[in-house]
Amino acid sequence: MRMESGFLKQLRGTMVTPPRKSVLVHLLILIFFTAAFAANLSSPAFAEGGNLVKDTDGYYLIDDEYDLEKFREGVNGDAVDVHGNQIENNANARLTGDIDLSSYNWTPIGNGTTQYTGTFDGCGYSITGLTIDSTEQYVGLFGYIGADGTVKNLTVSASEDGIKANYSPNFGYAGAVAGQSDGTITNCTFASGSVTGSGNYACVGGIVGNFSNGTISNCTNNGKVVGNNDNGRSGGIC
């Protein structure tokens, strides 16, 4: 029988024992969940707010200000919903609760280049704290509602700072619900606050600054309308 020297015994005692199977399994599980978490961080479904989903009627459900902002970004240019689908300017939407926009200098939904042509149903809820200080041509919660667009069943209130539009060239349009509408606005209320339009030929209204070939029905203005303009027009509703 061969005897090991003291040195060999010591070396054998310091050798690393190969990992047990259970340790390898736990390591693989840890790697899997780390990779899944990293992937989710870059996914729109896990972005902060703005996780827009559709109901069975194909309407986007807007729960909070983040959803409304994401909806606006999609209508005006480039944003996707929770499934990665582009939100188009003819997308339909429903509010599912009241929304406070007092922390925003709001950029309107729709503009002269990309008009909103979907149906936006407030479902009897309110958007409060609307603040706008803009030099754009079309100013309101919605900038420009196109001929096929509809906004209904909605109450809008402005913040203490109100809605202020100052378009330097001729013909700027400002209203609480929309700056310009060629479509349909029905059952909408401007509950409180002010809309102020400045500039040459500025058109200012409590509900909409100007409309043509469209419809305004069952709408009420309890806010203040101020026209600081030359040759412009001001009205309680339009």
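Biologist: Let's start with C123. Where is C123 found?
Modeller: C123 sits in the loop between strand 4, residues 119–121, and strand 5, residues 126–134. Keep in mind that this is a predicted model.

Biologist: Is C123 buried or partly exposed?
Modeller: Its relative accessible area is 35%. Buried would need under 20% and exposed over 50%, so C123 counts as partly exposed.

Biologist: You mentioned N153. What's up with its phi?
Modeller: N153 has a positive phi of about 55 degrees, although N153 is not a glycine. N153 belongs to strand 8, and with a relative accessible area of 25% it is partly exposed.

Biologist: What about A202, buried or exposed?
Modeller: A202 is in the loop between strand 12 and strand 13 as well. Its relative accessible area is 2%, so A202 is buried. From A202 to N170 is 32 residues along the chain, and their C-alpha atoms are 7.1 Å apart.

Biologist: Let's zoom out. How many helices and strands does the chain have?
Modeller: There are 3 helices and 18 strands in the chain.

Biologist: And how much of the chain is buried?
Modeller: The chain has 238 residues, and 40% of them are buried. The chain exposes about 12,700 Å², with carbon and sulfur atoms supplying 51% of that area.

Biologist: What share of the contacts links residues 24 or more positions apart?
Modeller: If you take contacts with a separation of 6 or more, residues 24 or more positions apart account for 78% of them.

Biologist: Can you show me a buried residue in a strand? How about V195, what is its relative accessible area?
Modeller: V195 has a relative accessible area of 0%, so it is buried. V195 is part of strand 12.

Biologist: What does V195 touch?
Modeller: Not counting residues up to four places away in sequence, V195 touches a list that includes I163, A174, F190, V204 and V225. There's also G162, which is 33 residues from V195 in sequence but 6.1 Å away in space, C-alpha to C-alpha.

Biologist: How do you find empty space anyway?
Modeller: You roll a probe the size of a water molecule over the atoms, and that shows where empty space is left.

Biologist: Which strands supply at least two residues of that lining?
Modeller: Strand 8 (150–166), strand 9 (173–175), strand 12 (194–200) and strand 13 (203–205) each do that. By class, the lining of the largest cavity has 7 nonpolar, 5 polar and 1 charged residues.

Biologist: Last one, N221. What does its side chain reach?
Modeller: The side chain of N221 reaches the backbone nitrogen of G223 at 2.7 Å. N221 is in strand 16, residues 220–221.

Biologist: And what is N221 in contact with beyond its neighbours within four places in sequence?
Modeller: N221 is in contact with F190, G206, G236 and I237. As for G205, it is 16 residues from N221 along the chain, and the two C-alpha atoms are separated by 9.0 Å.

Technical notes:
Residues are numbered from 1 along each chain as its sequence is written. This is a predicted model: local features need pLDDT of at least 70, side-chain atom pairs count only at pLDDT 80 or more; totals for chains, interfaces and linings use all residues. Side-chain values use heavy atoms; hydrogens and water are left out. Helices (H or I, at least four residues) and strands (E, at least two) are DSSP runs, numbered from the N terminus. Ala, Val, Leu, Ile, Met, Phe, Trp, Tyr, Cys and Pro count as nonpolar, Asp, Glu, Lys and Arg as charged, and the others, Gly among them, as polar. Buried means under 20% relative accessible area, exposed over 50%, partly exposed in between (1.4 Å probe, protein chains only). Contact means heavy atoms within 4.5 Å. Accessible areas come from the Shrake-Rupley method with a 1.4 Å probe; for residues, only the protein chains shown count as cover. A polar contact is a pair of N or O atoms within 3.5 Å; within protein, one must be able to donate a hydrogen and the other to accept it, and residues adjacent in sequence count only if both atoms are side-chain atoms.
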